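Thanks for passing this one along.

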Amino acid sequence: MKPGRDGPAWLRWAGPAVVGLAFLLAWHLFVVVKGIPRYIVPSPVLVLETLWRDWPLLSRSLLVTLEITGLALFFSVLLGTLLSFLFVQSRTIEASLLPYAVILQVTPIIAIAPLVIIWVKEPLPALVICATVAAIFPVISNTTMGLKSVDPALADLFRMYGASRLQVLLRLRIPSAAPYFFAGLKVAAALALIGAVVAEFVAGTGGTESGLAYQILMAGLQLNIPRLFAALLLITAAGIALFLAASLLSWLALRHWHESEVTREI
Amino acid sequence: MSNGPSNAGKAIAVHLHGADKVFPTGLRALAPIDLVLREGEIVTLLGPSGCGKSTLLRLVARLIEPSSGSVALWPGADDVAARRLAFVFQHPTLMPWGRVESNVRLPLDLARLPAGEASRRVAHALGLVGLRDFSRAYPRELSGGMQMRVSIARALVTEPQLLLMDEPFGALDEIARSRLDRDVAALAAHEKLTVLFVTHSIYEAAFLSTRVLVMSARPGRILKEVAIDAPQPRGDDFRGSDAFAHACAELSRHLAFAAEGALA
């Protein structure tokens, strides 16, 4: 840790905490002093109360959204890394398939979601497909780049000692790709959640599964703004938790050797 | 071509016959080279940057093929298949994700050597370079000189007969370089290695070599051969000797000539 730039450790927690508390306090005072009606802006206290009161309902929705997100993240990592392995096997394969991966990426998920939801009758698979499409690209592009970012001198060394293709893949390409993969995973975790929420929105009240986006949609229609805020809070918390989980995995895998995760003692 | 006095009768380890290299871009890196290395010799290729020293070394290592001519290793030996060469790169070239022991072990793992035998050899190689206590460290925790020692241990772990070194200590400070040069000389004698060493340091060449081949650039060719007659392995006291001073002066003269040739 460099004290000059980051300051002491407690400041990294205390700084954001003070800003957050000040913001909540200002929000609360603003709502109370101005007498803003709860169907326009609820106070933070009311949001917490609603979260507590509606917990049975909201927690069920949270689990649904997390299930979609988790499955989407699983499939985007699985399919994304498999596609990356395919891409690095030959330039022809990569050149033929990469444009379609890019097309998938640049087409907004919100525009594809209605089609997927029409085509796939079951709501859960439909939503998982949408969220997977949203999350897969960073996995593909980062892992592909990582698998190619092999130190040429190390590649020479492996060749000189007669390494097989499999040995090169397992002992050289995959470890070289790990930092890139984990950077992609952090982005994919956030995108999977966004994809899940967007797809739920599109599925709307027609969907039988009631995730957090469904709760937001319903709360908005019913002008139940405190519940809307509470659901929003849960989505944000889920996003942060996913990001932290991905960061933890990255740290566990890279802490011994990669610059991004090594804490310098000096 | 004359050989080191004590090695004249030894078997041939490396034989290049009219080997040259023209890259696909049309760049001629090496003019046809004739070179004979005998077992037990330490031969240094000395020359300015871009004179094809590394290309020559890579030809010997079979990392690249000659455009014409031939490269033969141990041409007279009947156990060629059992003989090995090892290459030490310009940089340590360690796997940053592996501990020192797994880096040194890599060539044995790739060859699927039984675990027990591999461990014994790794410990032995780490002992040779004085890093027995650092087997659990990660490369980034070591100094540049220690990383280079790991790289040498990895080369030695296959118990090679021929060691090819491509400016291995170029990035190190003078003190670390001198110590490693001394260690290489001792290891070569102890392990009965034939060494082909690339450098652009006159002192390094004079200290290590039984023979120095001074190269000039574009295309790379061997301009001059200088034999350095002093017993191997040499210790630090050799650096203060008249023989060392004379060798340096002579190499310096030839190198200046080679560099001029490169400019012309």
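Below are a few numbered points on a sheet, a helix pair, a chain contact and a pair of domains.

1. A word on the source before anything else: this is a predicted model, so please read each point below as a description of that model.

2. I would start with the sheet in chain B. Six strands make up this open sheet, in the order E5-E6-E7-E3-E8-E9 (chain B), and their pairing is mixed. On average, neighbouring strands are turned by 15° against each other, direction ignored.

3. Helix H1 (residues 53-60) of chain B packs on that sheet, where it touches strand E3 (42-46), E6, E7 and strand E8 (211-216) of chain B. Relative to the direction of E7(B), that of the helix makes an angle of about 155°.

4. Strand E6 (residues 162-166) and strand E7 (residues 194-199) of chain B run parallel and are joined by five bridges. Here Asp166(B) has Val198(B) of E7(B) opposite.

5. Helix H4 (residues 55-89) and helix H11 (residues 225-254) of chain A have axes that come within 11 Å and cross at roughly 40°.

6. By class, eight are nonpolar, two are polar and none is charged.

7. Between the chains, 14 residues of chain B are in contact with 13 residues of chain A. On the chain B side, the residues divide into 11 nonpolar, two polar and one charged.

8. Finally, the domains of chain B. The domain assignment gives domain 1 (10-83 + 163-256) and domain 2 (92-160), with C-alpha centres 24 Å apart. Nine residues of domain 1 are in contact with seven of domain 2 in chain B. Helix H5 (residues 174-190) of chain B supplies three residues, the largest share of the domain 1 side. That side has eight nonpolar residues, no polar ones and one charged residue.

Methods. Residues numbered from 1 in each chain as written. Chains lettered and ligands numbered in written order. Predicted model: local features only at pLDDT ≥ 70, side-chain atom pairs only at ≥ 80, totals over all residues. Pairing = 2+ DSSP bridges. Helix = DSSP H or I, 4+ residues; strand = E, 2+ residues; numbered from the N terminus. Axes fitted to C-alpha atoms, helices over the stretch in contact; angles between N-to-C directions. Contact = placed C-beta atoms within 7 Å. Nonpolar A, V, L, I, M, F, W, Y, C, P; charged D, E, K, R; others polar. Domains from an automatic or database assignment.
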